[in-house]
Amino acid sequence: MDHGKSTCPKGFSDSTIHVDVKDYYGKRLKKTSDLKTNACVAPVQPTPDFIRQALKKVHPEITARYYGCGLVVPECLEGCRILDLGSGSGRDCYMLSQLVGEKGHVTGIDMTDGQLELARTYVDHHMKEFGYKKPNINFVQGYIEALTEAGLENDSFDVIISNCVVNLSPDKRLVLTEAYKVLKDGGELYFSDIYSNGRLTEEIKNHKVLWGECLAGALCWKDLLQLAEKVGFSPPRLVTASVITVDNKELQDILGDFKFVSATYRLFKVPKGNTKNCKVIYNGGITGAEDSFQFDCQYTFMANEVVEVDGEVANILTHSRFAEDFTFQPLGGPTGPCGVKPKAGIEDPFELALKLGVQGPASATGGCCSTQSAGCSTQSAGCCK
């Protein structure tokens with residue numbers, strides 16, 4: 001059965017980096033243990049039960065070829081159309097297939113033949129496992145810098161996720177531009193990626209193994225803020241961050257004093273100019289967040305609690321898929337004992353990683369989303385110079 005098989009888009013051609021990455025993920029890596037660093041090893045961390053149960057239903061061969069960074073699962077996905085950038089073996093797609101349900105749909109796009117072949121092999125297996133009458137998932141061959149050329153329609157997805165893949169692209173601006181185009185109004189780009197505390201040297205950026213290991217292509221985190229604004233997204237909201245340990249002396253010597261962090265951001269395609277603070281009440285009921293919804297590292301909404309939010313968050317909640325999950329109130333009048341004032345300021349992912357490293361349990365893996373803080377620099381506020 002054909003599950004989205006297509007030819008590579010003709011208008012976009014491989015760069016040297018694309019060729020090297022295809023080789024790395026298509027030929028050199030056969031299983032997770034083949035990775036040379038911890039940058040793309042998923043950590044041991046608490047996972048909601050409903051997601052854990054969904055992951056258990058994914059075929060073992062798919063899971064064994066998974067190289068993602070952390071777990072990228074935003075909230076409120078029932079019935080959504082989701083796109084996974086750099087879907088690889090399809091693990092996240094098959095997990096999300098269960099979360100969106102039969103009325104939703106998941107599309108995975110990847111440029112690596114071997115990964116796509118593996119992902120497509122198990123479509124029918126998983127649909128039978130999930131009890132679906134017809135597939136709600138397909139896999140497309142193409143580049144994350146050329147989504148429309150791969151046949152994906154503009155304004156067609158509610159949510160785009162990406163798991164440690166954007167750093168593999170030599171043109172992050174184009175990736176964000178294409179993602180913005182194919183998202184519906186109110187849509188979200190929710191992605192985990194690797195960032196540096198400064199702009200990397202040419203020696204590092206030309207190192208094939210470090211590219212494949214998701215380090216040589218890492219953006220300085222402040223550059224993401226600028227790129228998102230230029231493309232048209234709302235200012236990135238930092239969800240979580242954790243320090244990366246390389247644990248490979250040869251590669252660490254090449255990296256020198258550069259530090260890396262894995263961070264999850266959410267970017268929204270919402271109208272500009274609506275920046276007034278307002279009060280919101282989370283109505284509760286989102287699957288997995290019935291009583292408490294962590295929107296980002298600044299806002300965790302408790303059900304039925306009045307919270308004053310800044311204009312950016314108010315704009316996002318009003319125009320996104322979360323609108324029906326909140327009650328909105330104008331400012332003015334008494335806030336009451338449950339009123340919580342808005343929080344302001346852009347969070348530095350390196351500083352957040354340090355906080356979580358101190359307050360949270362350390363990861364047993366030391367992987368890309370580990371909470372270990374050793375060796376992390378807090379001097380990232382001056383990066384990107």
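This tour visits a helix, its neighbours, a loop residue and a second pair of helices, in that order. The structure is a predicted model.

**Stop 1: helix α4**

Select residues 91-100, which form helix α4. Is this helix enclosed or open to the outside? All 10 of the 10 residues of α4 are buried, so the helix is largely enclosed by the rest of the structure. Among the buried residues are R91, D92 and Q98, as well as M95, L96 and L99. Next, select G101, which comes just after α4 and takes a positive phi of about 80 degrees.

**Stop 2**

The side chains of N163 and D92 make a polar contact at 3.0 Å. N163 has a relative accessible area of 6%, and it therefore counts as buried, the cut-off being under 20%.

**Stop 3: helix α2 against α4**

Now select helix α2, residues 49-56, together with α4. The two helices pack at an angle of about 120 degrees, and their axes are 9 Å apart. That angle makes α2 oblique to α4. The crossing of α2 and α4 is right-handed. To see the contact itself, display F50, I51, A54 and L55 in α2, which meet R91, M95, Q98 and L99 in α4. By class, this contact of α2 with α4 has six nonpolar, one polar and one charged residues.

An α-helix has 3.6 residues a turn, so residues three or four places apart point the same way.

**Stop 4: D325 in its loop**

Move to D325, in the loop between α12 (311-319) and β13 (326-329). Is D325 buried or exposed? Its relative accessibility is 14%, so D325 counts as buried. Leaving aside residues up to four places away in sequence, D325 touches C76, I281, Y282, N283, G284 and I286.

**Stop 5: helices α7 and α10**

Finally, select α7 (residues 172-182) and α10 (residues 221-231). These helices pack at an angle of about 40 degrees, with axes 9 Å apart. This makes α7 oblique to α10. Where they pass one another, the crossing is right-handed. Which residues of α7 meet α10? They are K172, R173, L176, T177 and Y180, and their partners in α10 are L224, L227, A228 and V231. By class, the contact of α7 with α10 has six nonpolar, one polar and two charged residues.

Methods. Residues are numbered from 1 along each chain as its sequence is written. This is a predicted model: local features need pLDDT of at least 70, side-chain atom pairs count only at pLDDT 80 or more; totals for chains, interfaces and linings use all residues. Side-chain values use heavy atoms; hydrogens and water are left out. Axes are lines fitted to C-alpha atoms, for helices over the stretch in contact, and angles run from 0 to 180 degrees between N-to-C directions. Helices (H or I, at least four residues) and strands (E, at least two) are DSSP runs, numbered from the N terminus. Angles under 35 degrees count as roughly parallel, over 145 as roughly antiparallel, 65 to 115 as roughly perpendicular and the rest as oblique. A crossing is left-handed if the near helix is turned anticlockwise from the far one by less than a right angle, and right-handed if clockwise. Contact means heavy atoms within 4.5 Å. Ala, Val, Leu, Ile, Met, Phe, Trp, Tyr, Cys and Pro count as nonpolar, Asp, Glu, Lys and Arg as charged, and the others, Gly among them, as polar. Buried means under 20% relative accessible area, exposed over 50%, partly exposed in between (1.4 Å probe, protein chains only). A polar contact is a pair of N or O atoms within 3.5 Å; within protein, one must be able to donate a hydrogen and the other to accept it, and residues adjacent in sequence count only if both atoms are side-chain atoms.
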